[in-house]
Amino acid sequence: DYVSHEESQLTQALSALDSRSRDIVARRWLAEPKATLHELAEVYGVSAERIRQLENNAMKKLRTGVVA
């Protein structure tokens, strides 16, 4: 069925990301309540801007299917 196929593709794409990027995407897009850039910056010891960059790069990889 279509939904399970979509979920399977999402799971496969997420599993191909590095663990930090996967965690950032999951906490920003899939979790409730959603984590803020500043919360994740504190967790990873980097700036909120760096979290934004990592999130953008991960989302780009997920959209294009180019996950190395």
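Mentor: Let us begin with the contacts along the chain. This is a predicted model. Among contacts between residues at least 6 apart in sequence, 44% join residues at least 24 apart.

Trainee: How many helices and strands are there in the protein?

Mentor: The protein has four helices and zero strands. Along the sequence, the pattern reads α-α-α-α.

Trainee: What box do the C-alpha atoms fill, and what percentage of the residues count as buried?

Mentor: Taken along the principal axes, the box filled by the C-alpha atoms is roughly 40 × 25 × 15 Å. The protein has 68 residues, of which 24% count as buried. Its accessible surface comes to about 4800 Å², and 54% of that surface belongs to carbon and sulfur atoms.

Trainee: By what are two packed helices described?

Mentor: One states the angle between their axes and the distance between the axes. Here, helix 2 (residues 19-30) and helix 3 (residues 37-44) pack at about 150°, and their axes are 11 Å apart. Angles over 145 degrees count as roughly antiparallel, and therefore helix 2 is roughly antiparallel to helix 3. The crossing of these two helices is right-handed.

Trainee: Which residues of helix 2 and helix 3 make the contact?

Mentor: Helix 2 contributes Arg20, Asp23, Ile24, Arg27 and Arg28, while helix 3 contributes Leu37, Leu40, Val43 and Tyr44. By class, the residues of this contact divide into five nonpolar, no polar and four charged.

Trainee: At what angle do the axes of helix 3 and helix 4 cross?

Mentor: The axes of helix 3 and helix 4 cross at roughly 100° and come within 8 Å. An angle of 65 to 115 degrees counts as roughly perpendicular, so helix 3 and helix 4 are roughly perpendicular to each other. On the side of helix 3, the contact is made by Leu37, His38, Leu40, Ala41 and Tyr44; on the side of helix 4, by Ala48, Ile51, Arg52 and Glu55. The contact of helix 3 with helix 4 has six nonpolar, one polar and two charged residues.

Trainee: May we end with a single residue? Is Glu55 buried or exposed?

Mentor: One compares the relative accessibility with a cut-off: buried means under 20%. Glu55 counts as buried because its relative accessibility is 6%.

Trainee: Where is Glu55 found, and which residues does Glu55 touch?

Mentor: Glu55 lies in helix 4 (residues 48-64). Leaving aside residues up to four places away in sequence, Glu55 touches Ile24, Arg28, Trp29 and Leu37.

Terms used. Residues are numbered from 1 along each chain as its sequence is written. This is a predicted model: local features need pLDDT of at least 70, side-chain atom pairs count only at pLDDT 80 or more; totals for chains, interfaces and linings use all residues. Side-chain values use heavy atoms; hydrogens and water are left out. Buried means under 20% relative accessible area, exposed over 50%, partly exposed in between (1.4 Å probe, protein chains only). Contact means heavy atoms within 4.5 Å. Axes are lines fitted to C-alpha atoms, for helices over the stretch in contact, and angles run from 0 to 180 degrees between N-to-C directions. Angles under 35 degrees count as roughly parallel, over 145 as roughly antiparallel, 65 to 115 as roughly perpendicular and the rest as oblique. A crossing is left-handed if the near helix is turned anticlockwise from the far one by less than a right angle, and right-handed if clockwise. Ala, Val, Leu, Ile, Met, Phe, Trp, Tyr, Cys and Pro count as nonpolar, Asp, Glu, Lys and Arg as charged, and the others, Gly among them, as polar. Accessible areas come from the Shrake-Rupley method with a 1.4 Å probe; for residues, only the protein chains shown count as cover.
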